[in-house]
Amino acid sequence: MSAGKRFREALATHTPLQIVGTINAYQALQATQVGHKALYLSGAGVANASYGLPDLGITGLEEVCIDVRRICAICDTPLIVDADTGFGHAFNIARTITQLIKSGAAGAHIEDQVSAKRCGHRPNKACVDTQEMCDRLQAAHHARQLDPYFYLIARTDARAKEGLESAIARAQSYVQAGADAIFAEALESLEEYSAFVEALHVPILANLTEFGRTPLFSLEELQGVGVQMALYPLSAFRAMNKAALEVYQDLKDKGTQRDQIMRMQTREELYGVLNYYSYEAQMDAILARKD
């Protein structure tokens with residue numbers, strides 16, 4: 001079964017479907033072990049964690065695909081990928097989709113910001129016109145022949161500068177251009193989500209990123225207005241960063257990690273996620289045969 005089909009099945013059986021951010025293969029294993037049915041690779045996560053760069057459209061397709069391949073090689077849970085603005089014009093966008101499919105992704109979202117994009121919850125964003133975004137989506141739609149189930153999400157950032165009605169009108173055009181779902185970025189109330197749901201007949205995604213413009217609505221609240229996907233792009237990454245900084249600070253200040261031990265994952269817990277002992281047993285069996 002293709003990755004795209006696995007994602008569509010997860011979406012059909014979980015409402016709203018939680019899509020959790022995983023910045024590397026190990027996090028993907030952890031999220032899967034907990035029981036999550038869909039994963040997400042954030043463009044900001046790739047830029048921040050893999051390259052130490054801000055999320056300003058600096059990283060490119062191959063840098064994203066490296067992390068996609070690492071995650072999908074070790075984990076079957078379907079992965080949705082942040083494809084930013086598509087990484088170029090129509091030919092580039094078509095290549096983006098084919099390369100993501102070949103790398104193992106189940107789907108991707110493309111946004112309507114200009115190429116020099118910004119974080120969706122920052123000021124001074126600028127969007128291309130509706131037709132240019134539709135051209136992006138049509139190129140992406142036609143390129144998904146390798147996996148017809150590949151899930152194509154159109155993200156609109158228009159709410160912040162153009163208002164709710166314009167953002168909804170754009171989204172309607174994006175669906176006609178081939179989008180399977182709409183990622184309505186930086187909405188500020190359940191009423192706004194409800195307006196998107198009522199105006200469109202495709203799933204709506206809510207981006208519940210921390211410290212942004214969107215309140216951290218619960219699954220129950222989102223379900224109440226008909227939202228079908230809840231995205232948590234960098235929640236675990238933020239927690240990891242905070243914990244790591246405290247460990248580094250303690251090592252610098254106290255010369256020991258003793259006060260942090262209770263907060264750390266144990267060696268046995270690490271080995272459990274990695275299935276370490278199974279690998280070790282195979283090595284021992286090989287050595288025994290050689291002897």
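This is a predicted model: local features need pLDDT of at least 70, side-chain atom pairs count only at pLDDT 80 or more; totals for chains, interfaces and linings use all residues.
## Packing of α12 against α13

Two packed helices are described by the angle between their axes and the distance between the axes. Helix α12, which covers residues 267-274, packs against helix α13, residues 276-290, at an angle of about 75°, and their axes lie 6 Å apart. Because angles of 65 to 115 degrees count as roughly perpendicular, α12 is roughly perpendicular to α13.

On the α12 side the contact is made by Glu268, Tyr271 and Leu274, while α13 contributes Tyr276, Tyr277 and Tyr279. By class, the residues of this contact comprise five nonpolar and one charged, with no polar residue among them.

## The largest pocket

The largest pocket has a volume of about 410 Å³, and its lining consists of 26 residues, of which Ala44, Cys119, Thr209, Leu234 and Arg238 lie nearest the centre. Two elements, α3 (43-51) and α11 (235-254), are those that give two or more residues to this lining, and α11 gives the most, with three residues.

For the second largest pocket, the computed volume is about 280 Å³. The residues that line this pocket are Met240, Ala243, Ala244, Val247 and Tyr248, together with Gln260, Arg263, Met264 and Gln265. Sorted by class, the lining of the second largest pocket holds six nonpolar residues, two polar residues and one charged residue.

Methods:
Residues are numbered from 1 along each chain as its sequence is written. Side-chain values use heavy atoms; hydrogens and water are left out. Axes are lines fitted to C-alpha atoms, for helices over the stretch in contact, and angles run from 0 to 180 degrees between N-to-C directions. Helices (H or I, at least four residues) and strands (E, at least two) are DSSP runs, numbered from the N terminus. Angles under 35 degrees count as roughly parallel, over 145 as roughly antiparallel, 65 to 115 as roughly perpendicular and the rest as oblique. Contact means heavy atoms within 4.5 Å. Ala, Val, Leu, Ile, Met, Phe, Trp, Tyr, Cys and Pro count as nonpolar, Asp, Glu, Lys and Arg as charged, and the others, Gly among them, as polar. On a 1 Å grid over the protein atoms alone, a cavity is a set of points where a 1.4 Å probe fits but cannot get out, and a pocket is an open set with protein on both sides within 12 Å along at least five of seven lines; lining residues have an atom within 4 Å of a point. Grid points are joined across faces, edges and corners, and a volume is the space filled by probe spheres set on the points.
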